[in-house]
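Here's a quick walk through a fold, its sheet, its helices and its ligand shell. Have a look at the model first.

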Amino acid sequence: MHLEYVQLGLVTLNYRSRTLGVIHRPNCTIQEMGMQPVREDLLIGISDYIDRLFVPPDDALEQNLKDTDAAGMPAIAISPSQGRLMYILVKMTGAKRVLEIGTLGGYSTTLLARALPADGKVVTLELKPEHEVVARKNLDRAGVGGMVEIRVGKAGETLDAMIKAGEEPFDFVFIDADKIGYAGYLNQVMQLSHSGTVIVGDNLIRHGDILKATPPDEMAAGVTAYNKLIATDPRLESILLPILKDKIDGMSISRVK
Ligand SMILES: C[S@@+](CC[C@H](N)C(=O)[O-])C[C@H]1O[C@@H](n2cnc3c(N)ncnc32)[C@H](O)[C@@H]1O
């Protein structure tokens with residue numbers, strides 16, 4: 001038996017509730033708190049260290065990123081260590097049915113599919129038909145194409161159609177598309193979930209933009225609303241993990257009660 005594990009860069013800023021014995025701070029930026037901004041080279045160094053130590057070399061995924069780039073698509077796939085985390089989470093939950101919102105070139109989709117048993121299935125939603133073409137090729141080359149269905153269109157509309165059709169609930173959901181839509185997607189995903197479904201969301205810290213009293217853009221506003229929802233919705237138990245890349249970002253894990 002071999003162990004599969006991942007270490008994430010967790011940054012804790014002395015935040016704990018009074019009941020836990022430590023201090024709450026008001027919403028403010030690192031600069032406003034009088035702290036030095038985190039050095040970018042340090043973030044990259046730590047992130048690379050984790051990737052080197054915990055993420056096995058993977059020809060199919062490397063080719064995936066090359067082909068995604070060659071097709072002129074943006075380099076916005078999850079990082080290797082995030083992929084490793086999701087792979088392990090899916091295995092830990094014993095999921096058979098996975099829903100992904102935001103396919104791009106199928107990098108995360110490949111890892112989600114690989115974590116499933118042979119009769120598992122990933123349904124992944126993608127807005128752009130040209131992304132579907134690249135993802136399909138990448139998924140087939142990685143040997144998981146038969147387990148993945150790509151549905152093209154606006155995720156909000158696709159999810160509505162799935163709910164209307166009474167689609168079987170999913171065991172694991174990964175939300176990684178347009179940030180403005182996250183709160184709405186959560187509401188829809190809840191209707192496609194069961195007790196125990198795990199919902200992961202990406203890009204939820206945005207290098208501290210979520211600390212600003214007024215979100216600097218629509219994307220920060222979208223994820224700030226999402227964070228608040230998953231933290232307060234009584235149907236969920238959630239946590240937000242800081243993730244180190246070239247900047248600090250975040251990934252949430254929620255479990256439907
Ligand atoms: C961050 S990328 C996904 C990355 C992918 N999950 C990975 O890690 O490999 C976001 C994707 O969501 C798609 N997208 C954006 N808005 C969307 C929408 N309204 N409905 C469905 N997909 C959307 C984009 O075209 C893009 O391919």
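## Ground rules

Helices and strands here are DSSP runs numbered from the N terminus, with helices being H or I over at least four residues and strands being E over at least two. Keep in mind that this is a predicted model, where local features need pLDDT of at least 70, side-chain atom pairs count only at pLDDT 80 or more, and totals for chains, interfaces and linings use all residues. Residues are numbered from 1 along each chain as its sequence is written.

## Around the ligand

Helix 4 (107–114) and strand 2 each put at least two residues into the shell around the ligand. There are 19 residues around the ligand, and those coming nearest are Ala-77, Gly-102, Tyr-107, Leu-127 and Ala-155. A residue is near a molecule if its C-beta atom, placed from the backbone, lies within 6 Å of it.

By class, the shell splits into nine nonpolar, five polar and five charged residues. Nonpolar covers Ala, Val, Leu, Ile, Met, Phe, Trp, Tyr, Cys and Pro, charged covers Asp, Glu, Lys and Arg, and the others, Gly among them, are polar.

## The sheet

The chain has eight helices and seven strands. Seven strands make an open, mixed sheet in the order 3-2-1-4-5-7-6. Strand 3 (148–152) and strand 6 (236–244) are at the edges with a single partner strand each, so one side of each has no neighbour in the sheet. Two strands pair if DSSP finds at least two bridges between them.

Strand 2 (residues 121–126) runs parallel to strand 3, with five bridges between them. On the strand 3 side, Glu-149 is the bridge partner of Val-123, and Val-148 is the bridge partner of Val-122. Getting from strand 2 to strand 3 takes the chain through helix 5 (residues 129–141), in a right-handed β-α-β crossover. Right-handed means that, with the strands pointing away from the viewer, the path from the first strand over the helix to the second runs clockwise.

## Helix 7 and helix 8

Helix 7 (residues 182–190) and helix 8 (residues 218–232) pack at about 35 degrees, with axes 8 Å apart. The axes are lines fitted to C-alpha atoms, for helices over the stretch in contact, and angles run from 0 to 180 degrees between N-to-C directions.

Tyr-182, Ala-183 and Leu-186 of helix 7 meet a helix 8 group including Val-223, Tyr-226 and Leu-229; contact means C-beta atoms, placed from the backbone, within 7 Å. This helix 7 to helix 8 contact has eight nonpolar residues, one polar and no charged ones.

Notes:
Two residues are in contact if their C-beta atoms, placed from the backbone, lie within 7 Å.
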